Amino acid sequence: MPVYTSSEQLYRVLRELFRRLPEKDPAAVRSVAASRLVLRMRTSSPVVEVCINGKHNTLQIIYGAATLRPDIELELPADLLHAILLSEISLRKAHASGKIRLRGPIWRALSFEPVFTAGQLIYPQILAETA
């Protein structure tokens with residue numbers, strides 16, 4: 001059985017995660033802003049699309065389809081994102097095993113790794129609050 005039963009449920013959790021991210025780890029936000037990149041993350045089961053815009057000094061998150069042209073595209077099942085955010089599997093290991101589809105230069109995508117790392121600190125608490 002999937003962890004998330006609807007797109008709305010996953011969007012709600014991701015909105016809260018990105019709302020808390022700047023106060024939990026400002027350095028992660030700065031690293032994305034310094035990258036000057038746009039990452040589009042798409043999940044399946046349920047289908048969700050989030051665009052992280054690092055082209056500004058403040059992190060801009062767009063939920064749903066965005067017109068921005070991404071520099072990096074990341075596609076993964078929502079259950080895998082859940083496992084990554086619970087630190088059950090590393091982002092790098094998931095990519096190496098072929099469970100994540102990544103379009104764009106991998107070395108540029110690494111600038112988003114601190115966001116996932118910071119998300120791992122926040123996510124369990126959000127899950128507990130929304131359960």
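The model is predicted, so local features need pLDDT of at least 70 and side-chain atom pairs pLDDT 80 or more, while totals for chains, interfaces and linings use all residues. Residues are numbered from 1 along each chain as its sequence is written, and side-chain values use heavy atoms, leaving out hydrogens and water.

**The largest pocket**
- The largest pocket holds about 220 Å³ of space, a volume filled by probe spheres set on grid points that are joined across faces, edges and corners.
- Here, a pocket is an open set of points on a 1 Å grid over the protein atoms alone, where a 1.4 Å probe fits, with protein on both sides within 12 Å along at least five of seven lines; lining residues have an atom within 4 Å of a point.
- Of its 14 lining residues, Leu91, Leu102, Ile106, Ala109 and Leu110 are the closest to the centre.

**An exposed tryptophan**
- Trp107 is found in helix α5, residues 106-109; helices are DSSP runs (H or I, at least four residues) and strands are E runs of at least two, numbered from the N terminus.
- Trp107 is exposed, with a relative accessible area of 64%; exposed means over 50%, buried under 20% and partly exposed in between, with a 1.4 Å probe and protein chains only.

**Backbone details**
- Ser45 and Pro46 are joined by a cis peptide bond, with omega about 5°.
- Ser45 lies in the loop between β1 and β2, and its phi is positive, about 55°, although it is not a glycine.
- Ser87, in the loop between α3 (78-85) and α4, also has a positive phi, near 65°.
- Ser45 is exposed at 52% relative accessible area, and Ser87 is partly exposed at 47%.
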